[in-house]
Amino acid sequence: MSKLLEVRNLSKRFGGLLATNNVSFDLEQGEIVGLIGPNGAGKTTLVNLITGVLNASEGSVVFCGKDVTRQRPNEAARSGLARTFQIVQPFPQMTVLENVKAGALFAGGAISGAQAERDAMEHLEFVGLAPQAHRPATALTLPSRKRLELAKSLAMKPKLLLLDEVNAGLNTSEIDQALGLMRAIAARGITILLIEHLMKVVTSLSQRVLVLHHGELISQGAPNAVLNDPRVIEAYLGNKFAARENAMAKKEIA
Ligand SMILES: Nc1ncnc2c1ncn2[C@@H]1O[C@H](COP(=O)(O)OP(=O)(O)OP(=O)(O)O)[C@@H](O)[C@H]1O
Ligand SMILES: [Mg+2]
């Protein structure tokens, strides 16, 4: 296995807040790695730093042996780094198919409109959205829009796919389908960093899990070891207690 991504001492400051605090980790070619942590832990910020949506305050990102720390998002996509957005943002005036076709033309190496359309259709079939290909993107339900994000990212022929809560809002049987889909993506040789709140999805897919808390990488390793790590338990429980206390405080005020 060879290193695909090397994140070194990465930090991001928003005013007084360190949203990412000195984070270092590697991704090996072909891995599925889970990225978990309570709300506000800094997961999306980390993905934004890796894909050039945000500029790092400190630290570096090396992808395929090349320093990409200052790379713009469009360059990141063309270099094989694709991501889905937690807040989905399809091109609203386009159909489902046109959205995916845009990805194929922009970063997927399609050399003609016809080829881009064929590629796009294949990816829509792969994620189960082919029947909706000619509908406007805005007509899709939220889980389907997440599938569209996934098809668009796949059309960019990524080496590394960063999935930001792509399975949010799915019901139990849809989650089982999603697990199959993620495995099929990995079987194509695509490395996956998976941000996910559903622990069932994380533990059944990930070979390794990274845990963020207040921007810091507090634990990493095999899923079961990580979920039994006292620091991880405390991070999650601490958050639940804080949420309960907040709710109680609000009731007292009301
Ligand atoms: N553009 C921004 N400006 C200021 N603060 C930000 C910005 N983006 C994120 N933050 C803050 O940085 C912290 C990390 O946010 P982030 O969205 O990365 O967390 P997350 O782990 O993805 O959370 P969630 O599970 O809710 O998606 C939060 O405190 C958030 O309010
Ligand atoms: Mg997030």
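Mentor: What covers the buried residues of H4 includes helix H3 (96-107), helix H5 (142-155) and helix H6 (172-187). This is a predicted model, where local features need pLDDT of at least 70 and side-chain atom pairs count only at pLDDT 80 or more, while totals for chains, interfaces and linings use all residues. Residues are numbered from 1 along each chain as its sequence is written, and chains are lettered from A and ligands numbered from 1 in the order in which they are written.

Trainee: Which residues of H4 are buried?

Mentor: Ala116, Asp119, Ala120, His123, Leu124 and Val127. They span an arc of only 140 degrees around the axis, so they sit on the same side of H4.

Trainee: What makes H3 roughly parallel to H5?

Mentor: Their axes come within 7 Å and cross at roughly 30 degrees. Angles under 35 degrees count as roughly parallel (over 145 is roughly antiparallel, 65 to 115 roughly perpendicular, the rest oblique), so H3 is roughly parallel to H5.

Trainee: Why is Asn9 called exposed?

Mentor: Asn9 has 12 other C-beta atoms within 10 Å. Asn9 lies in strand S1 (residues 3-14).

Trainee: And why is His214 partly exposed?

Mentor: His214 has 15 other C-beta atoms within 10 Å, so partly exposed is its class. His214 is found in the loop between strand S9 (208-213) and strand S10 (216-221).

How values were computed. Buried ≥ 20, exposed ≤ 12 C-beta atoms within 10 Å, placed from the backbone. Helix = DSSP H or I, 4+ residues; strand = E, 2+ residues; numbered from the N terminus. Arc of directions from axis to C-beta. Contact = placed C-beta atoms within 7 Å. Axes fitted to C-alpha atoms, helices over the stretch in contact; angles between N-to-C directions.
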